[in-house]
Amino acid sequence: MDETKQTFLYKDLSGEIEAKIHNGTYHPGERLPSIREFHRQRNLSISTVYQAYIALENTGLIEARPKSGYYVSPVPLNRLQTPAFEKSSSPPRKVELSLIINAVIAAVNDPEMTPFGSSSVSSELMPVKHLLRIAKTISVKDMKTLINYPLPQGNSELRRQIALRTFGIPDGVAADDIVITNGCMEAVTLCLQAVLKPGDTLAIEKPTHFGFLQYLNAMGILVAEIPTDPQYGVDVDELENVLNRSPVKACLFMPSFHNPLGSLMPDDRKEKLAGLIHRYDIPVIEDDIYGEIFYEGHQRPSSLKAFDRKDLVMTCSSFSKTLAAGSRIGWVIPGKRFREKILRLKAATTVATASLEQYIIAHFLSEGAYERHLRKLRTAVKNQLIRTALAVQKYFPEHTRLSIPKGGALLWVQLPSGADGLQLYQKALEHKISILPGVVCSADGQFTRYIRMGCGHPFTETIEKGIQTLGKLAGEAVNCRS
Ligand SMILES: Cc1ncc(COP(=O)(O)O)c(C=O)c1O
């Protein structure tokens, strides 16, 4: 074919696709038809379609993923800027709770609010009918067993199913290596009780999940806050400096899709962290609650425990973000070193975890439905997250910073100077919108210019309007100060 004609053809095609990206027909992150599909549908040569895709790739509007195809870029990447990496760490200190924490929790859980404050994932995205169908099959005979005291360690089939889904851990994981808990929160608190007493020092990420800070405050545990990179997780070198100068007894980290940052520690960083804790012989509690909500590749990220050769990592998780937060089913893989202690603590505190919920979830998993559900959930949450990020870019004032995490359901947003996260939270409440002010995510009340936005709810007109209102309020605050 004559070269000019081919140039016209590929430019026509790339222009058409570009227009569809700009007018929203193709969604951010959506997979484009394969080169062969376009070749067949449009009667264009393979090389014409290929050239069109290369042209688009060069503009950054689409991206090629090895062995998978071409995808619309999640966002115009050149406009996104990762929130700052706040490098400061502090000597062990008591956790001071912000006075507003109770009001924040009430707002976050208020169903009347547009729910950016919440980290929950909407029940619209959960397999409600399937769970109900399982509940309806419970027989009188089953019920007679289910109303007895359950085993402190938990339903054996549920533990087997969780073990079947757990890969990459040295020595493997069997049903007997798992303890079922009341959510991830109980898993974490049992581990904390197993390794710390009041007055001891725990290394935590800065920022961290505000729920942990409340517990640590109540237990009188001191915290050494370690700076944490919004993309790559906890700063291992700084952790080493802190271990050298402070009597840290244990660590509590979220290596995969951190709350609130969304950061993911790359494998080499996880390995380095494991090496460090091996040298110092320090137990680490790993919160892996978001590990299954990954957006890249076909495999969940490795857990920190995968790099642990000395049985120092206790991995905690739950079904709260992926299936049923109200079931309160979570678990811990404590390793041989801490298993007995965790089991004793579990029996001595909450005795056991409710059996009916364990039964339903065990059945759901054994029917093979969980993986199918997770595939849909990951796509839905990823799309919500990207659409929220795009809307933040569109409506928030200039110099707002955020990045798209590789998993989880949370966006960490750095407001421009002049804006204040707590004031924005208060103003937003007047509009029935909840957000989490960043100030509650560290023991020293840093992160005043940050907010956390949850993206667990379908992206509706109400959600978009909510982001528009937040952007307007943030803009007013910036203008007022300048
Ligand atoms: C990082 C993290 N850990 C633990 C929890 C508590 O989980 P659960 O509801 O399973 O107790 C949450 C809840 O938001 C969380 O975000």
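Author: Start with the largest cavity: its lining divides into eight nonpolar residues, one polar and two charged. Here Ala, Val, Leu, Ile, Met, Phe, Trp, Tyr, Cys and Pro count as nonpolar, Asp, Glu, Lys and Arg as charged, and the others, Gly among them, as polar. This is a predicted model, where local features need pLDDT of at least 70, side-chain atom pairs need 80 or more, and totals for chains, interfaces and linings use all residues. Residues are numbered from 1 along each chain as its sequence is written, and side-chain values use heavy atoms, without hydrogens and water.

Reader: What makes a space a cavity, and what makes it a pocket?

Author: Both are sets of points on a 1 Å grid over the protein atoms alone. In a cavity a 1.4 Å probe fits but cannot get out. A pocket is an open set with protein on both sides within 12 Å along at least five of seven lines. Lining residues have an atom within 4 Å of a point.

Reader: What is the volume of the largest cavity?

Author: About 40 Å³. A volume is the space filled by probe spheres set on the points, which are joined across faces, edges and corners. The structure holds three cavities of 30 Å³ or more.

Reader: Why is the largest cavity said to lie between domain 2 and domain 3?

Author: Because domain 2 (128-369) and domain 3 (373-481) both give residues to its lining. The lining includes Lys-206, Pro-207, Trp-412 and Phe-447. The bounds come from an automatic or database domain assignment.

Reader: How much area do domain 2 and domain 3 bury between them?

Author: About 2,300 Å², 64% of it on carbon and sulfur atoms. Buried area is the accessible area (1.4 Å probe) that two parts lose on being put together, summed over both. In domain 2, Phe-210, Pro-260 and Tyr-295 lose the most area to domain 3, together 28% of what that side buries.

Reader: Why is Glu-292 with Arg-378 called a salt bridge?

Author: The rule asks for a side-chain nitrogen of Lys or Arg within 4 Å of a carboxyl oxygen of Asp or Glu. The closest N and O atoms of Glu-292 and Arg-378 are 3.1 Å apart, so the pair meets the rule. Across the interface of domain 2 and domain 3 the rule finds two salt bridges.

Reader: Which residues lie nearest the centre of the largest pocket?

Author: Arg-65, Tyr-295, Glu-296, Gly-297 and Lys-382, out of 38 lining residues. The largest pocket holds about 1,100 Å³ of space.
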